[in-house]
Amino acid sequence: MLTPVSWSEHARLDLQTFDPLEYVDPLIGASNGGNVFAGASLPYGMAKAVADTTSESNQGGFTLDGAPVSGFSMMHDSGTGGSPSLGSFPLFAYTNCPQSDIDQCAFPKKTRATFGGVRNETIVAKPGLFGITLNSSVRVDMTAAHHTALFKFTFPSHGTDGQPAQPLILQDLSDLSNSRQDNGTVSVDAETGRITGSARFVSSFSQGQYMLYFCTDFKGADILDNGIFVNSRASAAVKDLTISRSINGYPLPGGAFVRFKSGAEPILVRTATSFISVSQACSHAESEIPTFDFDEVANIATELWRAKLKPIRVSTEGVNKSMVTNFYSGIYRTMINPQNYTGENPLWKSSEPYFDSFYCIWDLFRSQLPFLTITDPTAVEQMIRSLIDTYRHVGWLPDCRMTLSKGYTQGGSNADVVLADAYIKGLGGGINWKDGYAAMVKDAEVEPFDWCCQGRGGLDSWKTLGYIPVQDFDYKGFGTMTRSISRTLEYSYNDFCISQLAPFLSATPETDQQKYLLSSANWQNLFNPLTPSTWWNNTPTPFTGFFQPRHLNKTFAYQNPLNCSNLDTFSVCSLQNTGAETFESSIWEYGFFTPHDHATLITLYGGPRNFTDRLSYLHDNLITYIGNEPSFLTVFQYHYAGRPALSTLRSHFYIPAYFEPTPSGLPGNDDSGALGSFLAFSMMGLFPNPGQDVYLITPPYFPHVNITHPVTGKTARIINQNFDPTYKTNIFIQSAMLDGKKYTKNWIDHSFFTEGKTLVLVLGRNESSWGTRVEDLPPSVGEYARVVKLSGVEDRAGTGNGGLGGRYKAGFGVVQGDIDVEG
């Protein structure tokens with residue numbers, strides 16, 4: 001048996017040799033819709049350099065799906081869906097132009113992609129470094145500083161026509177989604193080859209636009225000539241260009257090029273961007289990468305990533321390396337977005353940080369930002385200061401923000417959850433919590449004219465009826481008049497988050513706390529105990545009692561609880577005007593979204609046993625999909641019914657079956673690291689209920705886990721005794737000790753990390769009584785009336801509303817081996 005003392009000694013030895021970067025693969029999620037950014041970046045950096053392909057899934061720039069490369073650009077988001085963002089001002093290179101005729105080189109993006117075939121075996125992707133060789137034998141390596149990318153182009157000695165290399169490198173005025181508007185400009189300096197320019201682009205998933213400027217310099221070979229190109233023709237006699245958008249809906253190709261006398265040595269290209277001006281872009285480039293030293297820049301980037309990841313250390317003894325790679329690659333992806341644009345906000349002057357690419361908080365609040373609260377609280381403090389400063393200057397906290405624009409709100413005002421989560425976990429760092437609380441209250445009390453993109457809509461109905469009606473009458477503000485169920489449920493939780501902070505930040509603490517605690521129960525107003533759930537072939541499910549839309553006159557409407565589920569191929573479930581009353585999720589799945597009041601929900605569903613049966617039916621029948629964020633907490637909600645062992649089984653049901661350390665291994669869009677954080681939390685054995693000081697305990701996927709808090713310097717430890725690295729036996733907690741004392745609760749709070757506590761879990765093959773008593777369950781607004789009893793003791797859960805027509809037997813087919821659990 002490994003004692004805490006011997007583990008401490010082992011960890012000190014391990015620390016000397018352990019390198020987390022050995023286990024990071026940025027290519028995980030680079031195909032099959034993962035949409036990750038696989039290139040070179042600093043943590044939260046603005047410069048993100050990678051090869052851009054022509055794939056329909058190129059939201060992160062590069063894909064490993066056989067699509068050719070059309071350019072190499074230096075700004076990207078990661079893991080997003082919808083229309084691609086950024087990918088601005090891409091470069092492309094040729095060894096030479098046939099017959100030395102520049103018009104024989106292909107300049108338009110669509111045409112030059114025919115020269116962008118990829119040799120997959122040549123790809124190198126590491127934190128802070130990306131490299132690739134094209135079929136033309138042009139090798140491109142890239143690294144990044146905060147605002148500046150550095151590319152190294154290595155050319156063969158001769159071109160495809162057999163002539164000596166005279167490399168041409170072009171830079172065009174496009175982006176990934178071809179969204180450039182009128183009056184893009186570019187200039188090239190005849191003597192130095194410096195290319196500068198600007199263009200206006202459309203922000204993704206919003207109604208906004210933005211101006212972006214760039215500055216590009218070259219080093220490594222003498223210049224032969226340079227100039228500009230328009231469409232498929234170029235001229236070395238012209239050095240400046242202003243170009244319109246198009247005449248047929250597709251942006252006219254345009255940009256600049258530099259041609260060199262020789263390709264005998266690598267040619268280095270330094271390019272920086274700015275939302276302020278060309279001069280600021282040039283200043284970034286000159287100050288961040290003054291000497292064009294590629295290895296130095298790459299080494300600095302690597303060390304910054306190592307410093308971010310090293311506070312979390314796991315014991316790898318006996319564990320398949322793929323599991324460790326899965327874990328650390330997930331952590332790595334949590335620090336790509338949001339992006340630190342401090343000093344790059346032209347919309348207002350402020351001494352506060354400015355972060356962008358909150359894409360979107362509906363995705364990030366559930367696990368990504370809570371994960372960073374543990375691993376990088378200083379960065380989260382800066383992000384929250386940015387959110388609050390956005391409220392000061394724009395009027396409301398954003399739910400989605402990218403490239404300086406207000407993005408579309410998907411559900412509630414979920415920045416409220418982010419602020420509450422940070423406050424109750426003790427974050428400070430210069431955050432003006434008084435303004436933060438005022439911003440949260442404004443979300444609840446003042447309806448914006450454009451609640452499509454900030455705040456909440458339907459507040460008159462919310463305050464008078466206690467829910468958002470289907471086909472609401474709302475003349476004060478405007479947004480897509482759908483999602484009445486999911487908005488009601490999310491608004492309820494948003495109000496609970498306000499009630500959490502009211503005792504500490506409100507001028508009338510008791511009044512505000514009671515007011516928002518009362519409205520946090522509004523979710524109950526949409527529960528219809530008589531609603532059945534029937535499959536589309538008219539086969540009934542064994543459950544009754546679901547949330548339903550409700551009219552202004554208080555009568556219930558109807559939406560099939562299975563519509564918008566993972567299995568639904570016909571419903572409209574996003575922000576369309578014809579969309580459903582739930583957003584990107586079914587009533588079945590939203591039926592578990594009462595994060596603050598599981599006790600009441602369990603009672604509505606007929607008690608703990610019926611609750612766990614319903615939860616298992618959701619998963620076993622693939623009604624939910626783990627690739628979408630509303631599913632995350634449902635994996636662990638068995639804890640609230642006194643069945644933490646079932647949470648453990650469900651975690652193993654999904655990992656690694658749905659999360660593999662391969663390019664196609666993610667189950668969906670990574671959504672700025674949301675999937676990565678779900679994976680990391682799950683494998684670490686502590687999953688958050690965001691907005692509350694609660695982490696649900698399951699056994700880690702490693703013998704031991706060490707988490708050193710970046711601020712306090714204290715190290716929290718989780719130690720598995722009787723650990724089975726095959727996960728076929730001994731996956732259930734039999735007993736636990738916290739700092740040497742018996743611990744029976746199935747959850748812990750944030751002090752575990754800040755104070756560096758030690759949690760020892762004794763594992764066994766059978767489900768045990770650990771964490772099953774009422775007093776062991778996580779907090780809930782309502783009171784727990786019943787709890788499942790194991791080992792033959794009668795279940796005191798009544799049938800009640802939401803009961804079973806017939807007992808449902810849960811299935812956890814992915815987990816195999818000699819384990820016992822009561823179904």
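Predicted model: local features only at pLDDT ≥ 70, side-chain atom pairs only at ≥ 80, totals over all residues.
Residues are numbered from 1 along each chain as its sequence is written, and side-chain values use heavy atoms, with hydrogens and water left out.

**α10 and α13**
- Helix α10 (residues 433–445) packs on helix α13 (residues 509–519) at about 45°, with the axes 13 Å apart; axes are lines fitted to C-alpha atoms over the stretch in contact, and angles run from 0 to 180 degrees between N-to-C directions.
- Their crossing is left-handed, meaning the near helix is turned anticlockwise from the far one by less than a right angle.
- Tyr437, Val441, Ala444 and Glu445 of α10 touch Asp512, Lys515 and Tyr516 of α13 (contact means heavy atoms within 4.5 Å).
- That contact splits into 4 nonpolar, no polar and 3 charged residues; Ala, Val, Leu, Ile, Met, Phe, Trp, Tyr, Cys and Pro count as nonpolar, Asp, Glu, Lys and Arg as charged, and the others, Gly among them, as polar.

**α9 and α12**
- The axes of helix α9 (residues 415–424) and helix α12 (residues 484–505) come within 9 Å and cross at roughly 40°, which makes α9 oblique to α12.
- The crossing of α9 and α12 is left-handed.
- On the α9 side, the contact includes Leu419 and Tyr423, and on the α12 side Cys497 and Phe504.
- By class, the α9 contact with α12 has 10 nonpolar, 2 polar and 1 charged residues.

Technical notes. Helix = DSSP H or I, 4+ residues; strand = E, 2+ residues; numbered from the N terminus. Parallel < 35°, antiparallel > 145°, perpendicular 65-115°, else oblique.
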